[in-house]
Protein chains: 2
Amino acid sequence: MRVRGDKPAGPYRHSRQRERILELLRDTRAHPTANWLFDRLRREFPRLSMGTVYRNIGILIEQGHLNRCAFGNAFDRLDANVRPHYHFLCDRCDAIIDLDLPIDRTIDTWLGKAGGFVVRRHDLEFRGLCPTCASQA
Amino acid sequence: MRVRGDKPAGPYRHSRQRERILELLRDTRAHPTANWLFDRLRREFPRLSMGTVYRNIGILIEQGHLNRCAFGNAFDRLDANVRPHYHFLCDRCDAIIDLDLPIDRTIDTWLGKAGGFVVRRHDLEFRGLCPTCASQA
DNA sequence: GTTCATGCAAATCGTTTGCACAATG
DNA sequence: CATTGTGCAAACGATTTGCATGAAC
């Protein structure tokens, strides 16, 4: 029996709302928020709800049509190591590990020269298995 | 006149709670959450409140003693470009720009060999001024 | 004694979910 | 017609804030 919140057993059906969400996202390079989609689509679907937007975003990501980028406002972790450094995030144990790789500043200047950007800093994070989890796999 | 939520006009005063927050964060490499600090410190300050934790985190960040890393679990911005690519975030106009830099996979294998990590992917984001804002500065 | 910091509770923001009804295949 | 998708509203978790009281200088 199918329970609340579970993925459907059968294939996804067609939905006009989901179709338009993907179209809108493919037509822009602005990396919109869920709320932007909601405002934009309410013109076409006056009774649209946020639940529908979020549910469809989830499905589209699962289908590989979208990526989510979480720059910022989410769940914060704190770090008293204020020297610049990179991070490794373990997929299995959720550890966040400071790396002591050298910071490569040459890439910043390259980006500035090539594209007209003024680069103040860059952040690099790796994901995968930390040494402990990797040795248990 | 000083209004609610504003920074104090004078210098920050000493606070035992803030002192302990910084001590705890300097004693760990686990990149704790605000809630971890709260649980941990309630033993010493039974009447501690979350408001105090968050306010002090903000002050410590402003003083340069802490960094906040947002490795979000939540949706934030969406991207229909599902090919791997890097991002540039403009400090002034908040634009998020897809970069077509080549993805450098060599660094993944290096990290695996050197430290025993299994690297599945990496994310690289730059911050600074986008070409448009840079030309106006 | 001035004003910054705290505790508490309520408010806020983005996101998720339960449920009854509508749409799809 | 079996089951997925929707709208609505309420629930949620992390964070922020108003306000009266307590602590620092």
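Buried means under 20% relative accessible area, exposed over 50%, and partly exposed in between, with a 1.4 Å probe and protein chains only. By this rule B:Phe117 is buried, at a relative accessible area of 12%.

## Basis

This is a predicted model, in which local features need pLDDT of at least 70 and side-chain atom pairs count only at pLDDT 80 or more, while totals for chains, interfaces and linings use all residues. Residues are numbered from 1 along each chain as its sequence is written, chains are lettered from A and ligands numbered from 1 in the order in which they are written, and side-chain values use heavy atoms, leaving out hydrogens and water.

## Aromatic pairs between chains

Over all chains, the structure holds two aromatic pairs. Rings of Phe, Tyr and Trp (its six-membered ring) pair if their centres lie within 6.5 Å; planes under 30 degrees apart count as stacked, over 60 as edge-to-face and the rest as tilted. The ring centres of A:Phe88 and B:Phe117 are 4.4 Å apart and the planes are at 45°, so this pair is tilted. It crosses between chains, from strand 3 (residues 86-90) of chain A to the loop between helix 4 (106-115) and strand 5 (118-129) of chain B. Helices (H or I, at least four residues) and strands (E, at least two) are DSSP runs, numbered from the N terminus. A:Phe88 is buried, at 0% relative accessibility.

A:Phe117 and B:Phe88 form a tilted aromatic pair, with 4.4 Å centre to centre and 45° between the planes. This pair also crosses between chains: A:Phe117 lies in the loop between helix 4 (106-115) and strand 5 (118-129) of chain A, and B:Phe88 in strand 3 (residues 86-90) of chain B. A:Phe117 counts as buried at 12% relative accessibility, and B:Phe88 counts as buried at 0%.

## Helices 2 and 3 of chain B

In chain B, the axes of helix 2 (residues 34-42) and helix 3 (residues 50-62) come within 10 Å and cross at roughly 125°. Helix 2 of chain B is therefore oblique to helix 3 of chain B (under 35 degrees is roughly parallel, over 145 roughly antiparallel, 65 to 115 roughly perpendicular and the rest oblique). Contact (heavy atoms within 4.5 Å) is made by B:Ala34, B:Asn35, B:Leu37 and B:Phe38 of helix 2 and by B:Met50, B:Val53, B:Tyr54 and B:Ile57 of helix 3.

## B:Asp39

Helix 2 of chain B also holds B:Asp39, which is partly exposed at a relative accessible area of 41%. B:Asp39 and B:Arg18 are 21 residues apart in sequence and 15 Å apart in space, C-alpha to C-alpha.

How values were computed. Axes are lines fitted to C-alpha atoms, for helices over the stretch in contact, and angles run from 0 to 180 degrees between N-to-C directions.
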